[in-house]
Amino acid sequence: MLWKAGWPIYRPASIKRLARHWSNVPFLTVPPRRTPGKPFAHRSDLKQAKRIVVKLGSAVVTRGDECGLALGRLASIVEQVSVLQNQGREMMIVTSGAVAFGKQRLRHEILLSQSVRQALHSGQNQLKDMTVPVLEARACAAAGQSGLMALYEAMFTQYSICAAQILVTNLDFHDEQKRRNLSSTLHELLRMNIVPIINTNDAVVPPPEPNSDFQGVISIKDNDSLAARLAVEMRADMLIVLSDVEGLFDSPPGLDDAKLIDTFYPGDQQSVTFGTKSRVGLGGMEAKVKAALWALQGGTSVVIASGTHPKVTGHVINDIVEGKKVGTFFSEVKPAGPSIEQQAEMARADGRVMASLQPEQRADIIHRLADLLTDNRDEILKANERDMEKAVTLGRLSQPLLKRLTLTTAKLNSLAIGLRQIAASTQDSVGRLIRKTRVAKGLDLEQITVPIGVLLVIFESRPDCLPQVSALAIASGNGLLLKGGKEATYSNHVLHHLTQEALSMHGVKDAVHLVSTREEVEDLCRLDKLIDLIIPRGSSQLVRDIQKASKGIPVLGHSEGICHIYVDSDANIEKAIKIVRDSKCDYPAACNAMETLLVHRDLLRTPFFDQIIDMLRVEQVKIHAGPKFASYLTFSPSEVKSLRTEYGDLECCIEVVNNVQDAIEHIHKYGSSHTDAIVTESEETAEYFMQHVDSACVFWNASTRFSDGYRFGLGAEVGISTSRIHARGPVGLEGLLTTKWLLRGEGQAVSDFAEQGSMSYIHENIPVLQRT
């Protein structure tokens, strides 16, 4: 880590030497460890924090003109602190802002005290140029402190919370008796559920002396040091330092290549170059980092984050306490493997290399993976058995989910077959010429297929998803991050190891990564600069959560799979029973399982309809009656609560419709545009249904369960999309590609085609020869 002149240079193992040095300083020795434990090792542990210090930097509470307070931001911060306080946490605030508030008041007073006569004699032009004399900071603080506290008091009162003001100076920490008094006061306030608001007494403190505390002593020359000192003295669980930057960057954040450091580890610091300090206040990022390291050694966890960013200001404190990836988290525990950010960067780099391989080379990798699945069958099934035993013991998974989790020899054989199908399609994937146009003489334009970039696939329970999605990513030249459920940990680990073994044959091992760090799914959805597309595979709730959490990253998937089967009056009884049974009972947890059965009204009270009902009862399917169906019956099944229900189990709704148009209207109103089918012997009715139903998949006399990438001959799928951009239905290799344009010229310029230019556009379409 690089520091400015006067700062020590920290290198690995220097922390212990620094600690020994601090221990020789009276009063301000190495901070004692917080009882009962150490700082939190991971962000997810921050939810356990009970006593929290929030430090508000000058740039957070001060307006952009540095004269007055940013009332909107301050109100939001007070609201968040109040919510946490009312949850039973003990909140303390270290605030700046007195100088800025006082400057606003004094400037106002000075302008009002200007003589009207003097203003008139100055002339209108000179009046505009009137300036206010430079105001001394201590006078501003004296004038602003009471108003700042009154503002806090009024804001906290809105949430039925009492606040108390405490002003401190450096002497209050150097004098042992004053330290004890301060600590006693703070503890008593916290006991009474009062929020202490602490600030340096800027009206009386002397100007800070440069480098006066660089000998290991944490003074309170700035509020960063005060907050760190206070957090340690009070044995706080967490210190949140809010500034005008997102966190700690490896170089000044204004530089193009500056990267935000998600987690900072003392003793193994990344190279960091600091820029200038904040536009207001006494501290800077150097002061914040030094204070954070000192607090961390004292047993307090630290997060430095932005309190001014418009996208996060309204919930930054709550997000940090909930363990979300906001700002820079200081931790003493460094993970064994790379961070998620590093994994994404490696996946992108090796993904680009993989895209440049010959199609035969990518096919070789996939064939190798297929062979490894069959050659290592025993190892895979043994790992899966461990996952199954754990799942059964914990008892958290339903039977349908346990079925998804289970791997068998038959499943592995089917996987291998599907992978070889994908391998065969690599020849027609990356670099395929879609369109060629002769724009003008000597100016040819081509549109070709290219990978999307880095994919994040989040899946539940299904370990067989890992090799399927990996093969599709390899064939399409995409980097891939995989986030599997904890219930399949052992299976996923083995399958990922085999995937990387196959990738190694052409030197692209890091193109596919299994995310095994402690990041929450919501945190992954924030990495819009590293991930290009998120594909969730799991329950409808999972998909909805990811769509809601995604911050700027497109999500490809379906939030619900409300699939319909319409049994027409011209349906064949044997076909109808077979299709309905398969669609509902083969795999009821699947997103392509039938959830609503629509029956033509002419079939009611006929042997045809009775046979369908009898079959569902034999299969132990619980039936819910739609409103129209219930009106036909004296004694009916329980009336459905909603016609937009995805049961995911042996349950379904039965509703009556008047004709095919009525069925189509019902599907459009209550369906999810996933998969819908008609059973009829009338070709005219079937074609009408298929042309007018606006769903991703529409079938005639076939089970909805055919809506699947493997069954469609795609080899596998990354998911089924009900969106209209950019892929729809089972998404295979084609859905993981986008395009780019290649223009080859001979020195032409746009001016050549102007009205007086020498060239004209041709725009001639050139036939594209498909690969064989």
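In what order do the four strands of the open sheet stand? The order is β23-β10-β9-β24, and the pairing is antiparallel. Strands here are DSSP runs of E with at least two residues, while helices are runs of H or I with at least four; both are numbered from the N terminus. Two strands pair if DSSP finds at least two bridges between them.

Before going further, a word on the model. This is a predicted model, in which local features need pLDDT of at least 70 and side-chain atom pairs count only at pLDDT 80 or more, while totals for chains, interfaces and linings use all residues. Residues are numbered from 1 along each chain as its sequence is written, and side-chain values use heavy atoms, with hydrogens and water left out.

Strand β9 (residues 433–440) meets strand β10 (residues 443–451) in the antiparallel sense, over six bridges. Two residues lie between the strands in the hairpin of β9 and β10. There, G442 takes a positive phi near 75 degrees. β9 also pairs with β24, again in the antiparallel sense, over two bridges. T437 stands opposite N765 in β24.

Now the whole chain. The protein chain holds 26 helices and 24 strands. It has 772 residues, and 53% of them are buried. Buried means under 20% relative accessible area, exposed means over 50%, and partly exposed lies in between (1.4 Å probe, protein chains only). The accessible surface comes to about 35300 Å². Carbon and sulfur atoms own 51% of that surface. These areas come from the Shrake-Rupley method with a 1.4 Å probe; for residues, only the protein chains shown count as cover. A contact means heavy atoms within 4.5 Å. Of the contacts with a separation of 6 or more, 75% join residues 24 or more positions apart.

How confident is the predictor? pLDDT gives its confidence in each residue, from 0 to 100. The mean for the protein chain is 85, and 85% of its residues reach 70 or more. Over residues 278–282 the pLDDT is below 50, and this stretch has 17 contacts in the model beyond near neighbours in sequence. Residues 210–220 stay under 50 as well, with 34 contacts beyond four places in sequence.

Turn next to helix α11 (residues 285–297). It has 13 residues and reaches 18 Å from its first C-alpha to its last, close to the 18 Å expected at 1.5 Å a residue. The expected span is 1.5 Å times one less than the number of residues. α11 is mostly covered, with 13 of its 13 residues buried. Just after α11, G299 takes a positive phi of about 100 degrees.

Aromatic rings make links of their own. A pair of rings is described by the distance of the centres and the angle of the planes. Rings of Phe, Tyr and Trp (its six-membered ring) pair if their centres lie within 6.5 Å; planes under 30 degrees apart count as stacked, over 60 as edge-to-face and the rest as tilted. The count comes to six aromatic pairs. One of them joins F264 and F330, a tilted pair at 5.1 Å centre to centre with 50 degrees between the planes. F264 lies in strand β6 (residues 263–264) and F330 in strand β8 (residues 328–330), so the pair ties together parts that are 66 residues apart in sequence. Both F264 and F330 are buried. F609 and F629 form an edge-to-face pair, 5.7 Å centre to centre and 75 degrees between the planes. F609 belongs to helix α23 (residues 607–618) and F629 to helix α24 (residues 627–631), so this pair links parts 20 residues apart in sequence. F609 is buried at a relative accessible area of 6%, and F629 is buried at 3%.

What surrounds L456? L456 sits in strand β11 (residues 454–459) and counts as buried at 0% relative accessibility. Leaving aside neighbours within four places in sequence, L456 is in contact with L481, K483, L524, I531, L533, I534 and I535. L456 and D532 are 76 residues apart in sequence and 7.9 Å apart in space, C-alpha to C-alpha.

How values were computed. pLDDT is the predictor's confidence in each residue, from 0 to 100.
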